[in-house]
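User: Hello! I am new to this structure and would like to learn how to read it. Could you show it to me and take me through some of its features?

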Amino acid sequence: MSIQQTISQLANQCVLCGLCLPHCPTYQVFHTENESPRGRISLFKALAEGSLKLDEAMLAPLDHCLTCRACEKMCPSQVNYSRINHLGRKLLTCGSKGRQIASRQSFLQKISEKLLLSPLLHPLAKKIALMLAPINRWKKKTFFSFYLHEIASNASLPFSLRESNFISNAKGSVILFKGCSADLFEQQTLIDSVELLKACGFNVKILNTQQCCGAIKLRHGKSDEMLSLAKKNIQTITPLLADYHAIVSINNSCSGQLIEYADLDITHSGIFADKTSDIIAFLHQQLKTTQLSFAPLQQEVAVHTPCSLINVLKEEQLLYDLLELIPGIKVKQLNSQFCCGAAGSYMLQYPQVSKQLLSDKIDDIMQNKYQLIVSSNISCALHFKQGLNQVGQKNEVEVIHPVSLLARQLRGKNKGEG
Ligand code: SF4
Ligand code: SF4
């Protein structure tokens, strides 16, 4: 079946009921049918069937989709929106006009994606960020200076980028899938993930052959590039799996993508996906049978649940259960469950939409005077930090990965007992 026929067939399952509309973040921002899931499905269908001419007015709403998949989760007809969207974007990028989608990425977005996907450049980026740190006016609130500041802050942590083995008392071994952004932006999360996994009794291996999961490519309709990254990951990691308990991924969006490798027509993709677990689910399972306890935290903690955890992994409850292991903690949910607008590098491509989507969450933080925000997705965490920086609250409000919060409380407990 051709791409056009597949899109048409999938889109025909939409009964146009509109029940997804109130759940679509871009519909809340633009209030137009074309900026809704139903509108986008109709546009992709018309494009596939050749009944609509491709023009700028059609491209913009298709490109505005955050791929948050809130619509998919709410759809009573179980329309496979993400597949329509991925195939539709692929179709767009086949034509010269559609290639405008790729070229429409901002310069900063293109540079950021190149940098993230080129681990060999990370040490250089860190050196430059550290060199520029004394003159970097990150408080001036530009994206560039803010990211440079974040890279510099992470560069000073003593975590090796190279292939590493961390030995514990060996209940088993796991491969830690760190994704592209942790080296530059979440070194502490890497350190804390290793510490917690070791405390649960696992040896931890980080592979330097690991590639990007491909999610970032899929968003721009580059499904062939995503397939090639998936193939490399599957081919290099699967032969090792007999000796490993699991592939544990620290970033929710990577975890969702790795688990969906199961749908790809690549040898052993099913085995790879079966062995993959998001770190939230993995720790939730392990901590049930491990005698670890955590120091109390008498504080309100506001949780931002990333779209990938809610709509793809469908494991948001596990995050709350995990945090409740900390005695005394008061876990609150940030007031809106719409996407925060980070959506990978979307925040660099459409900063205004992205900022608007974040604003009610920032308002919630300010009104309730939350000082600790938990997010299990690196790109969301970065977006929150940037949003807090813009309102002068970067140093007052801490944004932390749940694994880091648990590790901190574990260290607190051990210190208390030592
Ligand atoms: S995608 Fe689903 S919920 Fe949305 S209009 Fe179509 S059938 Fe209804
Ligand atoms: S994926 Fe998200 S932004 Fe895109 S149409 Fe669905 S709900 Fe709207």
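Analyst: Gladly. We begin with a definition: Ala, Val, Leu, Ile, Met, Phe, Trp, Tyr, Cys and Pro count as nonpolar, Asp, Glu, Lys and Arg as charged, and the others, Gly among them, as polar. Please keep in mind that this is a predicted model. By those classes, the shell around ligand 1 holds eleven nonpolar, two polar and one charged residues.

User: Which residues come nearest to ligand 1?

Analyst: Out of 14 residues around ligand 1, the nearest are Cys14, Cys17, Cys20, Arg38 and Cys75. Helix H3 gives the most to this shell, with three residues.

User: And what surrounds ligand 2?

Analyst: Ligand 2 is surrounded by 14 residues, with Cys24, Pro37, Cys65, Cys68 and Cys71 the closest. Helices H2 (25–30), H3 (37–49) and H5 (70–74) each supply at least two residues of the shell. Sorted by class, the shell around ligand 2 has nine nonpolar, three polar and two charged residues.

User: Let us turn to the backbone. How should I read a phi angle?

Analyst: Here is the general idea: most residues other than glycine have a negative phi. In this model, Leu16 has a positive phi of about 60° although it is not a glycine. Leu16 sits in the loop between helix H1 (3–11) and H2. Thr67, also not a glycine, has a positive phi of about 50°, and its place is the loop between helix H4 (56–64) and H5.

User: Is Leu16 buried or exposed? And is Thr67 buried or exposed?

Analyst: The way to tell is to count neighbours: a residue is buried if 20 or more other C-beta atoms lie within 10 Å of its own, and exposed if 12 or fewer do. Leu16 has 9 other C-beta atoms within 10 Å, so it is exposed. Thr67 has 22 within 10 Å, so Thr67 is buried.

User: What about Glu260, and where is it?

Analyst: Glu260 lies in the loop between helix H15 (252–259) and H16. With 19 other C-beta atoms within 10 Å, Glu260 is partly exposed. Glu260 and Ile250 are ten residues apart in sequence, and their C-alpha atoms are 16 Å apart in space.

User: Now a helix, please. How do I read H14?

Analyst: Start with its span. At 1.5 Å a residue, the 15 residues of helix H14 (residues 223–237) should span 21 Å, and the end C-alpha atoms are 21 Å apart, which agrees.

User: Which residues of H14 are buried?

Analyst: In H14, the buried residues are Met226, Leu229, Ala230, Asn233, Ile234 and Ile237. Seen down the helix axis, the buried residues of H14 fall within an arc of 130°, so they line one face. They pack against strand S2 (172–177), helix H13 (215–219), strand S4 (246–249) and helix H16 (269–275).

User: Finally, how is the chain divided into domains?

Analyst: There are domain 1 (3–103) and domain 2 (292–417). Their centres, taken over C-alpha atoms, are separated by 30 Å. Eleven residues of domain 1 are in contact with eleven residues of domain 2. On the side of domain 1 that touches domain 2, the elements giving two or more residues are H2 and H5. The residues of that side divide into five nonpolar, three polar and three charged.

Notes:
Residues are numbered from 1 along each chain as its sequence is written. Chains are lettered from A and ligands numbered from 1 in the order in which they are written. This is a predicted model: local features need pLDDT of at least 70, side-chain atom pairs count only at pLDDT 80 or more; totals for chains, interfaces and linings use all residues. A residue is near a molecule or strand if its C-beta atom, placed from the backbone, lies within 6 Å of it. Helices (H or I, at least four residues) and strands (E, at least two) are DSSP runs, numbered from the N terminus. Domain bounds come from an automatic or database domain assignment. Two residues are in contact if their C-beta atoms, placed from the backbone, lie within 7 Å. The expected span of a helix is 1.5 Å times one less than its number of residues. The arc is that of the directions from the helix axis to the C-beta atoms.
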